[in-house]
Amino acid sequence: MAKPVEEILADVDLYAEDQSENLLAAAAAARTTCPVPHTEADGGYHLLTRYEDVRAVCTAPELFSSAQPAIRGVPVRVIPIDTDPPDHREYRRILNPYFTRAALERHEPQLREIARAAIESFVDKSSCDVVADFAIPFSAGSLARIVFATDNRELVDRGVAAAKEAALTSSPEAFQLLAGLAMEALAEAEAAPDDGADNVLRALVTAKIGDRALTLEERLGMVTTLFLGGLDTTRGVIANIVHHLATRADVEPLLRQPGGWQRELEEFLRYETTVAFMARTATQDTQIGDTPVKAGERVAVFFAAANRDPAQFERPDELVFDRAGVPHVSFGFGIHRCLGLHFARIQLAIAFEELLARTTRFRLAPGAEIRRQAGLSLGSPHRLDVVFDRV
Ligand code: HEM
């Protein structure tokens with residue numbers, strides 16, 4: 001049963017299943033009366049509901065540290081998410097070259113192949129569960145091939161389950177499991193014969209900060225973050241866009257525009273905000289707007305609420321495809337802005353190009369029930385049963 005807005009406001013809990021459906025409505029109500037409410041959930045935190053506050057906090061890492069980047073805490077290192085300047089800069093310097101648009105576009109043929117193989121597995125049935133049959137095989141397969149340069153899909157499949165659990169509950173076990181998988185992936189990369197190929201995992205083995213090599217903890221922390229960042233995110237966006245395809249007649253023509261649908265994609269990203277929130281900790285007594293925040297207090301940076309702030313976006317609760325620009329914060333803002341944003345955008349463009357090359361007229365399957373995730377991937381469907389026609 002979905003809790004009503006007034007009850008949520010008395011006791012916000014970003015991970016509570018019974019609050020997830022009305023969380024954005026609760027944030028909207030808070031925004032006009034008490035824009036930075038405080039909750040006692042999970043040890044207590046301030047909740048940001050305004051776009052300007054989210055951007056201000058994300059651009060002040062000296063005041064708001066990322067050392068503990070999740071509301072429920074993370075028992076393992078997740079580098080660079082859990083770092084502040086100056087260390088953060090060093091880690092990004094190592095990772096960035098592998099995530100530029102140009103570096104990733106080189107992998108386009110492989111990405112198309114992964115998408116086509118997934119589509120092939122269900123297209124003849126004219127029905128599928130978009131999450132299990134398409135979004136997961138495609139996003140996990142892409143991460144495995146392009147980022148981890150491995151064919152070990154079994155390892156990545158275990159990563160899919162652990163990353164979903166981490167997003168749903170932030171349980172220590174899920175994070176430990178991810179770190180264990182990161183260890184396996186690293187060991188595999190280190191044991192592989194050097195074929196001269198340049199990829200992230202190999203780079204971590206040889207990378208240096210100053211004149212020292214990365215420690216095992218640092219390498220593990222970076223690979224754990226790639227599992228986390230790459231697995232439960234793009235998956236959610238793909239499923240959400242198919243949901244719009246299946247429920248609105250105007251979406252398919254937009255995705256089939258000859259010039260591409262970059263602008264529409266940004267609006268989908270704003271509207272859905274699949275990484276709903278992250279955390280920061282105040283390093284000194286300060287304030288957010290008029291709200292005092294003491295050193296050591298935690299702040300939930302609610303990206304999903306910022307993306308629905310009417311002070312920034314007209315008609316924020318509607319998909320509006322002809323906005324002049326969509327300066328959403330779905331990939332975060334400031335120094336921690338998503339490392340994988342080009343990868344995500346390229347994957348999303350290819351996923352739908354390939355899907356619509358084989359299918360048309362998506363509808364929800366008769367009797368389909370859509371249960372949406374609570375927690376970090378707020379709103380992503382657990383499964384999405386659809387039917388379609390073949391083209
Ligand atoms: C649509 C898909 C995605 C969304 C919505 C998303 C969202 C985000 C957000 C909101 C942050 C900021 C975290 C913060 O401020 O604390 C972030 C950071 C990050 N993301 Fe993504 N992400 C996506 C895809 C990916 C992919 C595919 C990868 C990697 C393969 C990735 C890797 C990372 C990493 C490593 C960071 C940390 C960056 C840093 O701390 O400097 N993400 N992402």
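Me: A residue counts as buried if 20 or more other C-beta atoms lie within 10 Å of its own. With that in hand, how many residues of α8 are buried?
Reply: This is a predicted model, and in it 16 of the 18 residues of α8 are buried, so that the helix is mostly covered by that cut-off.

Me: Where in α8 is the kink?
Reply: The kink lies at Ile-136, shortly before the proline Pro-137, and amounts to about 35°.

Me: And what follows α8?
Reply: Ala-149 follows α8, and the phi of Ala-149 is positive, near 45°.

Me: Let's turn to the ligand. Which residues come nearest?
Reply: Gly-229, Gly-230, Gly-332, Cys-338 and Gly-340 come nearest, out of 27 residues around the ligand. The elements that give two or more residues to this shell are α8 (130–147), α12 (216–231), α13 (234–247) and α17 (341–358).

Me: Which element gives the most to that shell?
Reply: That is α12, which supplies four residues.

Me: Now the helix pair. At what angle do α13 and α17 pack?
Reply: Their packing angle is about 35°, and the two axes are 10 Å apart. The crossing of α13 and α17 is right-handed.

Me: Which residues make the contact?
Reply: On the α13 side they are Thr-234, Val-237, Ile-238 and Ile-241, while α17 contributes Ala-344, Gln-347, Leu-348, Ala-351 and Phe-352. By class, this contact has seven nonpolar and two polar residues, with no charged residues.

Me: Is there a simple reason for that kind of spacing in a helix; why do residues three or four places apart point the same way?
Reply: An α-helix has 3.6 residues a turn, so residues three or four places apart point the same way.

Me: Take Leu-348 then: buried or exposed?
Reply: Leu-348, which sits in helix α17, is buried because 20 other C-beta atoms lie within 10 Å. Leaving aside residues up to four places away in sequence, Leu-348 touches Thr-234, Val-237, Ile-238 and Leu-265.

Me: How many residues apart along the chain are Leu-348 and Phe-138?
Reply: They are 210 residues apart along the chain, and their C-alpha atoms are separated by 9.9 Å.

Me: What about Thr-206: buried or exposed?
Reply: Thr-206 is in helix α11, residues 200–206, and counts as exposed because it has 9 C-beta neighbours inside 10 Å.

Me: Changing topic to prolines, where is Pro-327 found?
Reply: Pro-327 is in the loop between α16 (303–306) and α17, and it is partly exposed because 13 other C-beta atoms lie within 10 Å. Pro-327 and Ile-119 are 208 residues apart in sequence, and 32 Å apart in space from C-alpha to C-alpha.

Me: What is the peptide bond from Ile-79 to Pro-80, cis or trans?
Reply: That bond is cis, with omega near 5°, and Pro-80 is in the loop between β3 (64–65) and α5 (87–95). Another cis peptide bond joins Pro-85 and Pro-86, where omega is about 5°, and Pro-86 also lies in the loop between β3 and α5.

Me: Last topic, phi. Is the phi of Asp-42 positive or negative?
Reply: The phi of Asp-42 is positive, about 50°, although Asp-42 is not a glycine. Asp-42 is found in the loop between β1 (38–39) and β2 (45–48), and it is partly exposed because 17 other C-beta atoms lie within 10 Å.

Me: And where is the place of Arg-361?
Reply: Arg-361 is in strand β11, residues 359–364, and has a positive phi of about 50° although it is not a glycine. With 14 other C-beta atoms within 10 Å, Arg-361 is partly exposed.

Key: Residues numbered from 1 in each chain as written. Predicted model: local features only at pLDDT ≥ 70, side-chain atom pairs only at ≥ 80, totals over all residues. Buried ≥ 20, exposed ≤ 12 C-beta atoms within 10 Å, placed from the backbone. Near = placed C-beta within 6 Å. Axes fitted to C-alpha atoms, helices over the stretch in contact; angles between N-to-C directions. Left-handed = near helix turned anticlockwise from the far one by under 90°. Contact = placed C-beta atoms within 7 Å. Nonpolar A, V, L, I, M, F, W, Y, C, P; charged D, E, K, R; others polar. Bend = angle between axes of the 7 residues up to and from the residue.
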